[in-house]
Amino acid sequence: MEFEVWWLLAIPVIFGLGWAASRFDVKSLLSESSNLPRSYFRGLNFLLNEQPDKAIDAFIEVAKLDPETTELHFALGSLFRRRGETERAIRVHQNLLSRDDLPVSEQEHALFDLGQDFLKAGLLDRAEEAFQRLQTGSFAKQAQHSVLAIYQIEKEWHKALECADRLAADGDGSSYEKEISQFHCELAQEALQRKDAAAASAEIEAALRVNPANVRAMLLRGDMLLHNGDPAGALAILSEVPRQNPTYVGFAAGRLMRAYEALGRTAEGIVHLRDMLSLHPSDDLAEVVFEKVMAQDGPDAAYAVVRDEMKRAPSVQSAVKLLTAHHEHASGSQQADLVMVREWLLQRTKNLPRYVCEQCGFRARFFYWQCPGCGGWETYVPRRADMPASS
Ligand SMILES: [Zn+2]
């Protein structure tokens, strides 16, 4: 490409146009900002200085001066909710909803936010009512998700099933298999509590049909078979647990051993469990193996089991078992010392949280299939963790 002289003339023209455009932008920005009330800048200033209470007061003033600014009302409403000031949040959203000039999309937005306020305030009926009014529109799916969460809080498992089925059929990319299968397990447990074996059995089958890898349903089925005098059937299904999800071996261990014992095959059961332990370290599994070996083969064999376990995966539980195994051989005064140390260890650790939710980090002393913190299903690692005393 050759250099042409007229390019030199074009350069100042391009610069001139750029300067004019920037001046125009700055001018329009200045005129827009001069229209904003002073309180708006005061609010911003308070926010930047991390004084949210004063910022809220300033923004409320802006909202009063210019009631048309719906964005500010929405922002204030969600800010109040997040801060736990649900009454104020509810008032903001109810005010928005009472306006006749609000476009449909903003009415739906206000109704959805109002439902969230009620949910946060624990007013579940009113929250459900708000969300159910959003059957169509851009908030319909989110509203149905919230309705599903409400049914789970209320333990309305039949309604939760219908809602999850509907959401899965709507095709939002999730099959809800894990949730639906767990809802059936909840119904099975309720049936077992009222001693309705037929209903429990039907729910367990339904849970496994939806999600064949649902370990909870497998354990429930194993329990029912053991209870109905079918240890061979229980053995068959419980033996599947390590294959489906080895992290749950600890939950299957005691049940498997009961099945072996009922079949008169205790020694074979111990070998099976020891094999499982060598593949999948688990405190709960180690505990069953330790107790059975102690009863069957004596403290020396039990000591060998727990010593290996202590070397491989040290834990408070293993330490306690190690002390128990030593206790059998110790002299009178040594026995008293070992009991003292063991009791101290147990006392120090008995109130500590043992299970951690992988989704939200919620810690609990007991295992839950549904996290009490975030509501997620099967989010707890079924393995006891030794927490430091300060946690
Ligand atoms: Zn959680």
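Tyr176 counts as buried, because its relative accessibility is 6%; buried means under 20% relative accessible area, exposed over 50%, and partly exposed in between, with a 1.4 Å probe and protein chains only. This is a predicted model, in which local features need pLDDT of at least 70 and side-chain atom pairs count only at pLDDT 80 or more, while totals for chains, interfaces and linings use all residues. Residues are numbered from 1 along each chain as its sequence is written, and side-chain values use heavy atoms, with hydrogens and water left out.

**Backbone and loops**

Tyr176 sits in the loop between helix H9 (157–170) and helix H10 (177–193). Helices (H or I, at least four residues) and strands (E, at least two) are DSSP runs, numbered from the N terminus. The phi angle of Tyr176 is near 60°, a positive value in a residue other than glycine. Most residues other than glycine have a negative phi. Lys195 also has a positive phi, near 60°, and is placed in the loop between H10 and H11. Lys195 is exposed, because its relative accessible area is 74%.

Another loop, between helix H11 (197–210) and helix H12 (215–227), holds Pro212. Apart from neighbours within four places in sequence, Pro212 is in contact with Met218 and Gln244; contact means heavy atoms within 4.5 Å.

**The chain as a whole**

The chain has 20 helices and two strands. Of its 391 residues, 40% are buried. Among contacts with a separation of 6 or more, 48% are between residues 24 or more positions apart. The accessible surface is about 22100 Å², and carbon and sulfur atoms account for 55% of that area. Accessible areas come from the Shrake-Rupley method with a 1.4 Å probe; for residues, only the protein chains shown count as cover.

**The zinc site**

Which residues are the protein donors of the zinc ion? They are Cys357, Cys360, Cys371 and Cys374, each through SG, lying 2.3 Å from the ion. Donors are N, O and S atoms within 2.8 Å of the metal (3.2 Å for Na, K and Ca); water is not among the atoms, so sites may look incomplete. The arrangement is tetrahedral because the four donor atoms subtend angles of 104 to 114° around the zinc ion. Four donors count as tetrahedral if all angles lie between 85 and 135 degrees.

The donor residues follow the spacing C-x2-C-x10-C-x2-C in sequence. Within this set, Cys360 and Cys371 link distant parts of the chain: Cys360 is in the loop between strand S1 (355–356) and strand S2 (363–364), and Cys371 is in the segment after S2, 11 residues apart. Cys360 is partly exposed, because its relative accessibility is 39%. Cys371 is buried, because its relative accessible area is 3%.

**Salt bridges**

A search of the whole structure finds 11 salt bridges. A salt bridge is a side-chain nitrogen of Lys or Arg within 4 Å of a carboxyl oxygen of Asp or Glu.

| Arg81 | Asp117 | 2.7 Å |

Arg81 and Asp117 form a salt bridge that links distant parts of the chain, with Arg81 in helix H4 (residues 70–82) and Asp117 in helix H6 (residues 104–121), 36 residues apart. Are these two residues buried or exposed? Both Arg81 and Asp117 are buried.

Arg88 is partly exposed, with a relative accessible area of 29%, and Glu85 is partly exposed as well, at 21%. Arg83, Glu85 and Arg88 are linked in a network of salt bridges.

**A nonpolar patch**

Phe41, Leu44 and Leu47 form a nonpolar patch on the surface, with about 250 Å² of accessible area together. Patches are made of residues with over 30% relative accessible area and no salt bridge: like charges are joined within 9 Å, and nonpolar side chains (Val, Leu, Ile, Met, Phe, Trp, Tyr) within 5 Å. Leu44 lies in helix H2 (residues 38–48) and is partly exposed, because its relative accessible area is 35%.

Notes. Tetrahedral: all angles 85-135°; square planar, octahedral: opposite > 155°, others 65-115°.
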